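This briefing covers a ligand site and a sheet. Please have the sequence and the structure open while reading.

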Amino acid sequence: MSLLAIDHLTVHHPGGTRAVDDVSLTLDAGRALVLLGASGSGKTTLARTVLGLPGRGTTVRGSIRLGGTELLGLPERALTRVRGRRIGYVPQDPSATLDPLRRIGTQLAEVLRTHRLADTRQAARAVALPLLTAAGLPDPERAAHAYPHELSGGLRQRAAIALAIAADPELLIADEPTTALDTLVRARILDLFTTLRTRCNLALLLVTHDLSAAARIGDTVAVLEEGRLTAVGPAQELLRPDKGSGRTAGGEIRGSGNGESELLAVGAHREVRAASGREQNPKPTARTGSEPAAAPSPPFPGPLVASEGEVSK
Ligand SMILES: Nc1ncnc2c1ncn2[C@@H]1O[C@H](COP(=O)(O)OP(=O)(O)OP(=O)(O)O)[C@@H](O)[C@H]1O
């Protein structure tokens, strides 16, 4: 049984916009699923619906099961327990989850105590430092004492990731978590997700409009267009440029819609061009001050960006 099973999910926003249209996907423990699509394609609505936060006045149909538990229709109190405890959330802007007025360590301790994973301040502190280390903060003691504004953008996002994984969730949902970061830091944060997923058997649902981020995360990619699932498949297949043509298979693969890595049919090509030198996928680098070194790059053919009007914003 898959950890996450989304079945025939349809979400209407007030006013009638069908943001998610009959989407079925699955995600297993320890695996990654990248939701890739242009602005307005429904990625955030889908991810937030899994979190139980589709938005006021939305109509949701279908099914979302986490480890066999149906999430749709759960009372708010039960959903609150699921969020944080079973599903961790990393937003684009870490200030959405970090309180600017409290130290990082205090915020981590609160999450641990809320979910009854630590009874005392001392116990919470004992867990907080390894969590900050796991999130790649090079000086966890300092980070624990810091207020969010005292950390660089990359380290702040790592602190938000530490908060998201504090309760040892089974699923991590990250919505454009690297969009605000520069290219090098972006690669390192993406590699951190891969490290967490493989070391902690954490399933990752990553929302992005960025093909290079999708390629770096790898595993399975699901392409959304106007709320519909138009392709599902392994990143290596879906994002690989055809030899010499500069196109990917992403536009020509029709997914089965059930999240399995099966490539069923061939249609029109989606044009993709290689990035310029400045956008090159960064190679692993030595530690440079505040940011720890990146993990080795995944075996993808190189940097990719969508052509104008396609999957990039
Ligand atoms: N609260 C809302 N009320 C009405 N319509 C909404 C609301 N939120 C989103 N929408 C609409 O739903 C559709 C999907 O939006 P959504 O934000 O899920 O897409 P997205 O792919 O995440 O885009 P982006 O990358 O720009 O965030 C869009 O047409 C959007 O205008």
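The notes below take the ligand shell, then the sheet, then the helix packed on it.

The model is predicted: local features need pLDDT of at least 70, side-chain atom pairs count only at pLDDT 80 or more, and totals for chains, interfaces and linings use all residues. Residues are numbered from 1 along each chain as its sequence is written, and side-chain values use heavy atoms, with hydrogens and water left out.

**Ligand shell**
- Around the ligand lie 14 residues (a heavy atom within 4 Å), and Ser39, Gly40, Lys43, Thr44 and Thr45 come nearest.
- This shell holds three nonpolar, eight polar and three charged residues (Ala, Val, Leu, Ile, Met, Phe, Trp, Tyr, Cys and Pro count as nonpolar, Asp, Glu, Lys and Arg as charged, the others, Gly among them, as polar).
- Helix α1 (residues 43-50) contributes the most, three residues; helices (H or I, at least four residues) and strands (E, at least two) are DSSP runs, numbered from the N terminus.
- A polar backbone atom of Gly40 is 2.7 Å from a ligand oxygen, and a backbone N or O atom of Thr44 is 2.8 Å from a ligand oxygen.

**Sheet**
- Six strands form an open, mixed sheet in the order β6-β7-β8-β3-β9-β10; strands pair if DSSP finds at least two bridges between them.
- β6 (87-90) and β10 (228-234) are the edges, each with a single partner strand, so one side of each has no neighbour in the sheet.
- β6 and β7 (residues 171-175) run parallel, joined by four bridges; Gly88 has Leu172 as its bridge partner in β7.

**Packed helix**
- Helix α7 (residues 183-200) touches β3 (32-37), β6, β7 and β8 (203-208) (contact: heavy atoms within 4.5 Å).
- The direction of α7 makes about 160° with that of β8 (axes are lines fitted to C-alpha atoms, for helices over the stretch in contact, with angles from 0 to 180 degrees between N-to-C directions).

Methods: A polar contact is a pair of N or O atoms within 3.5 Å; within protein, one must be able to donate a hydrogen and the other to accept it, and residues adjacent in sequence count only if both atoms are side-chain atoms.
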